[in-house]
Amino acid sequence: MSWTFFLFTREVLKNLLPIVLFWGLWFSFDAETRQTAREKLVGVLLIGAIAIGVARGLATVLPFRTRPMHDPEAGISIMGWLNTSLLEEWSAFPSDHAVLFFALAVGLFQVSKRAGVVALLHAGLIVCLPRVAVGLHWPSDIAVGILIGIALSVLLFRPVQALVHKSGLVPFFEAREAIGYPLLFLATYELSRMFHSVRQVMQFVWE
């Protein structure tokens, strides 16, 4: 029971905070700066989606790297709640969690420095550090993932924001709140879970 509670708590902490920060910022700006801030926030979501695609693409094309928990020479003691076959067929390099959560954190930092600092601490201490501790990643998997996530967010932030502004996406959904907000919430939820539900549906259909 204790391990189950620990795992549940960690998953909630990992997935929930980026959503809370996003929605807190969404409603925290005054009328004068609201639209620009919301365009930036939508841009952060898009960058997050791109970051996942880049991370998975790199993990697919780069040489396969065994995770520490699957490497007998690593000497990792597997915790009782951790499935030893977990991600066995997925390359460890780079860490897609590090890429995603640092891309989101740096994006949020460019919207609000205070929220960004919280997101950066969360990405490092809650998301990445435990993945090394339990043997899901080597430290270099995390380090490279962090660099990729930061680079993507810094390079793409302005052009993606400009694209969102040009598309008129924010005013379009604000004028249709009954549709726009549920879709936007679904996007933040799925992104924080790395589109886990979407991948499950696709796997079911594929099989």
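First, the ground rules. This is a predicted model, where local features need pLDDT of at least 70, side-chain atom pairs count only at pLDDT 80 or more, and totals for chains, interfaces and linings use all residues. Residues are numbered from 1 along each chain as its sequence is written, and side-chain values use heavy atoms, with hydrogens and water left out. Helices are DSSP runs of H or I with at least four residues, numbered from the N terminus.

Start with H5, residues 139–167. H5 has 29 residues and spans 40 Å from its first C-alpha to its last, close to the 42 Å expected at 1.5 Å a residue; the expected span is 1.5 Å times one less than the number of residues. There is a kink of about 45° at Leu-156, shortly before Pro-159. That bend is the angle between axes fitted to the seven residues ending there and the seven starting there.

Which residues of H5 are buried? Among them are Asp-141, Ile-142, Gly-145, Ile-148, Gly-149 and Leu-152. Buried means under 20% relative accessible area, exposed over 50%, and partly exposed in between, with a 1.4 Å probe and protein chains only. An α-helix has 3.6 residues a turn, so residues three or four places apart point the same way. The buried residues of H5 pack against H2 (34–61), H3 (96–111), H4 (113–133) and H6 (169–174). Just after H5, Gly-168 has a positive phi of about 70°.

Now the pair H2 and H3. Their axes come within 9 Å and cross at roughly 165°. The axes are lines fitted to C-alpha atoms over the stretch in contact, with angles from 0 to 180 degrees between N-to-C directions. H2 and H3 are therefore roughly antiparallel to each other, a label for angles over 145 degrees. Residues of H2 including Leu-41, Val-44 and Ile-47 meet a set in H3 that includes Val-99, Leu-100 and Ala-103.

Next, Phe-109, which sits in H3. At 30% relative accessibility, Phe-109 counts as partly exposed. Beyond its neighbours within four places in sequence, Phe-109 is in contact (heavy atoms within 4.5 Å) with Gly-116, Val-117 and Leu-120.

Last, H7, residues 177–192. H7 has 16 residues and reaches 22 Å, close to the 22 Å expected. Its buried residues include Gly-180, Tyr-181 and Leu-184. After H7 comes Met-194, with a positive phi near 60°.

Definitions and conventions. Helices (H or I, at least four residues) and strands (E, at least two) are DSSP runs, numbered from the N terminus. Angles under 35 degrees count as roughly parallel, over 145 as roughly antiparallel, 65 to 115 as roughly perpendicular and the rest as oblique.
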